[in-house]
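Hello,

Here is the structure I promised to pass on. My notes follow below it.

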Amino acid sequence: MRSGRWEERARRLSLVDVLEPLPREEIERLNWRLAAFRLDRGELCFAPGDPADRLFLLHEGRVRLYKIIGGREFTLAVVGPGTIFGETSLTESSRQGAYAEALEPAEVSVIGKEEMRRLIREHPEVGIRLVELLSRRLRDREERLAEMASRGVTERLAALLARLAEQEGVVTQEGYRIPFRYTHRQLGSMIGANREAVTKALGRLQKSGAVAVSDRRLVVRDPELLRKLAGHVSPDT
């Protein structure tokens, strides 16, 4: 008889965005074949120079993908449960300057590059889902690069918090509560700013009434005002 743990692993695999189109028998096959492991907070899943022979399916926790440029960290993306990361391994032989760090305890499954290619060949809908995912991530990075080039820190932070509220926010009486406790340094790495500049910008957004801090978590009180501030606050540095 299959254990509850085995069934739970299969359920989590079926919830991964790019694997949702797979039939039950394929999910069960993957469940037997794929290894899983846990990451502690701050532990790296991969680093530059590691072989790019596998992709990762995130079932629990959050993972930050980042690069170090000129001695500064730049966050490329923060991914949550139910998605895939490390997808550039499909076209690379080694990790090209990217790190993957667990922001909180995480559970990850590993799928080999060739196994992923087999799934794409045999189940084209998986390939379509993967292309759609990559397109969304590329569009998000392009938008953030454009913001860094044309907007001040307060505007960039407002735009980031609006996105986080939309993607992660939990509706409460106070507003859209962002459940993960992002540090000012982490927020800065997402918008190309240092910790001190983020602290000042967050103070401006709190003073406007668009954002509040409750129990060390960010709360977006007025999403519409925050979006306006993202485009109409005077640039600062």
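Which residues does Arg64 touch, not counting those up to four places away in sequence? The list is Glu73, Thr75, Ala77, Val78, Tyr99, Ala100, Glu101, Leu103, Arg185 and Ser189. Please bear in mind that this is a predicted model.

**Arg64**

Arg64 sits in strand β4, residues 63-69. Its relative accessible area is 1%, so Arg64 is buried. Two polar contacts hold my attention here. The Arg64 side chain makes one with the side chain of Glu73, at 2.7 Å. It makes another with the side chain of Thr75, at 3.0 Å.

**The two domains**

The protein splits into domain 1 (4-147) and domain 2 (151-230). Their C-alpha centres are 26 Å apart. On the domain 1 side, 13 residues are in contact with 16 residues of domain 2. The area buried between domain 1 and domain 2 is about 1,300 Å². Carbon and sulfur atoms give 45% of that area. In domain 1, the residues that lose the most area to domain 2 are Arg62, Leu103 and Glu147. Together they account for 43% of what that side buries.

The rule finds 5 salt bridges across the interface of domain 1 and domain 2. Glu168 and Arg62 form a salt bridge, with their closest N and O atoms 3.5 Å apart. Two elements give two or more residues to the domain 1 side that touches domain 2: β5 (72-79) and α4 (124-150). The largest share of that side, 5 residues, comes from β5. By type, the residues of that side divide into 9 charged, 3 nonpolar and 1 polar.

**Helix α3**

Which residues of helix α3 (residues 113-122) are buried? They are Lys113, Glu115, Met116, Arg118 and Leu119. The cover over them includes α2 (24-33), β3 (54-60), β6 (83-85), β8 (106-112) and α4.

Arg118 also meets Glu26 in a salt bridge, at 3.0 Å from N to O. This pair links distant parts of the chain: Arg118 is in helix α3, Glu26 is in helix α2, and they are 92 residues apart. Both ends are buried. Arg118 has a relative accessible area of 8%, and Glu26 has 6%.

**Other salt bridges**

A search of the whole structure finds 30 salt bridges. One of them joins Arg38 and Glu60, with the closest N and O atoms 3.0 Å apart. Arg38 is in strand β1 (residues 35-39) and Glu60 is in strand β3, 22 residues apart. Arg38 is partly exposed at 46% relative accessible area. Glu60 is partly exposed too, at 28%. Arg38 and Glu60 also belong to a network of salt bridges, linked with Arg5, Glu8, Arg11, Arg12 and Glu107.

Arg163 and Asp140 form another salt bridge, with the closest N and O atoms 3.6 Å apart. Arg163 lies in helix α5 (residues 153-168) and Asp140 in helix α4, so the pair ties together parts that are 23 residues apart in sequence. Arg163 is buried, at 13% relative accessible area.

**Backbone and loops**

Most residues other than glycine have a negative phi. Which value does Asp215 have? Its phi is positive, about 55°, although Asp215 is not a glycine. Arg216 also has a positive phi, about 65°, and is not a glycine either. Asp215 is in the loop between β11 (211-214) and β12 (217-220). Arg216 lies in the loop between β11 and β12 as well. Asp215 is exposed at 58% relative accessibility, and Arg216 is exposed at 59%.

Gly192 is in the loop between α6 (184-191) and α7 (195-208). Its relative accessible area is 22%, so Gly192 counts as partly exposed. Leaving aside neighbours within four places in sequence, Gly192 is in contact with Arg72, Phe74, Met148 and Arg156. The C-alpha atoms of Gly192 and Ala212 are separated by 22 Å, and the two residues are 20 residues apart along the chain.

Last, Ser150. This residue is in helix α4. Ser150 is exposed, with a relative accessible area of 55%. A polar atom of the Ser150 side chain lies 2.8 Å from the backbone oxygen of Ala146.

Best wishes

Technical notes
Residues are numbered from 1 along each chain as its sequence is written. This is a predicted model: local features need pLDDT of at least 70, side-chain atom pairs count only at pLDDT 80 or more; totals for chains, interfaces and linings use all residues. Side-chain values use heavy atoms; hydrogens and water are left out. Domain bounds come from an automatic or database domain assignment. Contact means heavy atoms within 4.5 Å. Buried area is the accessible area (1.4 Å probe) that two parts lose on being put together, summed over both. A salt bridge is a side-chain nitrogen of Lys or Arg within 4 Å of a carboxyl oxygen of Asp or Glu. Helices (H or I, at least four residues) and strands (E, at least two) are DSSP runs, numbered from the N terminus. Ala, Val, Leu, Ile, Met, Phe, Trp, Tyr, Cys and Pro count as nonpolar, Asp, Glu, Lys and Arg as charged, and the others, Gly among them, as polar. Buried means under 20% relative accessible area, exposed over 50%, partly exposed in between (1.4 Å probe, protein chains only). A polar contact is a pair of N or O atoms within 3.5 Å; within protein, one must be able to donate a hydrogen and the other to accept it, and residues adjacent in sequence count only if both atoms are side-chain atoms.
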